[in-house]
Amino acid sequence: MRIDVLTIFPEYLAPMRAALLGRAIDRGLLSLDVHDLRNWTHDVHRAVDDSPYGGGPGMVMKPDVWGPALDEVCAGDPTPRLVVPTPAGRPFTQELVHEYATEQRLVFACGRYEGIDQRVVDDAATRMRVDEVSIGDYVLVGGEVAVLVMVEAVARFLPGVLGNPASAAQDSFSDGLLEGPSYTRPEVWRERPVPDVLRSGNHALIDRWRRDQSLERTLRRRPELLDALPDSSFDKHDRAL
Ligand SMILES: Nc1ccccc1-c1cnco1
């Protein structure tokens, strides 16, 4: 997978070259190019934004900077899927992660909170798939942090990135539920023992206990996730909970 990121804060994306993601890049499992949007500015001040038409607070990012930048970065094959993080976007969910993980090329356009001139997205959409995506209902200064979140979530699903591919298959949301509690040594910590069932060696019982913990946690913290699952997701034991 080839990933390009356009940003006015290239240094903000430095964490993508560390740890798991950095190793995946070093191993050629994905390529990452970060581009400084100011390379496409035209004036001595290297301006990337301007006042909003119609007035209002903040600044809007200029189409005559973003347009040429996207033209150049998105050129070539295959045509990329353009992802624009924005608080006004569709929710970034594990379903979208799975979709993105199958793409050969993703281009991320990092805008500031007040946004990018809408004509940039409208123009790009005539040539490629464009998603305006939100990672949650809170206000960030810019899209860079959202890109870090999205790239990490997607990269986990690329072949070879995770040491144990089963991890991705078993983590939260893989079955639509929240993951239950996890424990490791010591067996007792500050007078708190590990649940006996986990030391029983009875894997059928352990699986059942984990499923119950997952259902109970999801019901308590995110009941709407249960409502979104088809009835076929639950067996008679689940329903008895
Ligand atoms: N708040 C923001 C400001 C700028 C670019 C993206 C966001 C965003 C993305 N998901 C939630 O917020």
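In which loop does Pro 78 lie? I found Pro 78 in the loop between α2 (63–73) and β5, where helices (H or I, at least four residues) and strands (E, at least two) are DSSP runs numbered from the N terminus.

Notes on the model: I am working from a predicted model, in which local features need pLDDT of at least 70 and side-chain atom pairs count only at pLDDT 80 or more, while totals for chains, interfaces and linings use all residues. Residues are numbered from 1 along each chain as its sequence is written, and side-chain values use heavy atoms, with hydrogens and water left out.

Entry on cis peptide bonds: I looked up the bond that joins Asp 77 and Pro 78 and read it as cis, with omega about -15°. A cis peptide bond also joins Arg 185 and Pro 186, with omega about 5°, and I placed Pro 186 in the loop between α6 (165–170) and β8 (188–189).

Entry on Arg 105: I located Arg 105 in strand β6 (residues 105–109) and noted that Arg 105 is buried, with a relative accessible area of 2%; buried means under 20% relative accessible area, exposed over 50%, and partly exposed in between, with a 1.4 Å probe and protein chains only. Leaving aside neighbours within four places in sequence, I listed the residues in contact with Arg 105, among them Asp 77, Pro 78 and Arg 81, contact being heavy atoms within 4.5 Å. The side chain of Arg 105 reaches the backbone oxygen of Val 73 at 2.7 Å, and a polar contact of 3.4 Å joins the side chains of Arg 105 and Asp 4. A polar contact is a pair of N or O atoms within 3.5 Å; within protein, one must be able to donate a hydrogen and the other to accept it, and residues adjacent in sequence count only if both atoms are side-chain atoms.

Entry on strand pairing: I then followed strand β5 (residues 81–91), which runs parallel to β6 and is joined to it by 3 bridges, two strands being paired if DSSP finds at least two bridges between them. Val 83 has Phe 108 as its bridge partner in β6. Strand β7 (residues 130–134) also runs parallel to β5, with 6 bridges, and there the bridge partner of Arg 90 is Val 133.

For Arg 46, phi is near 55°, its place is in the loop between β2 (31–36) and β3 (49–50), and at 35% relative accessibility Arg 46 counts as partly exposed.
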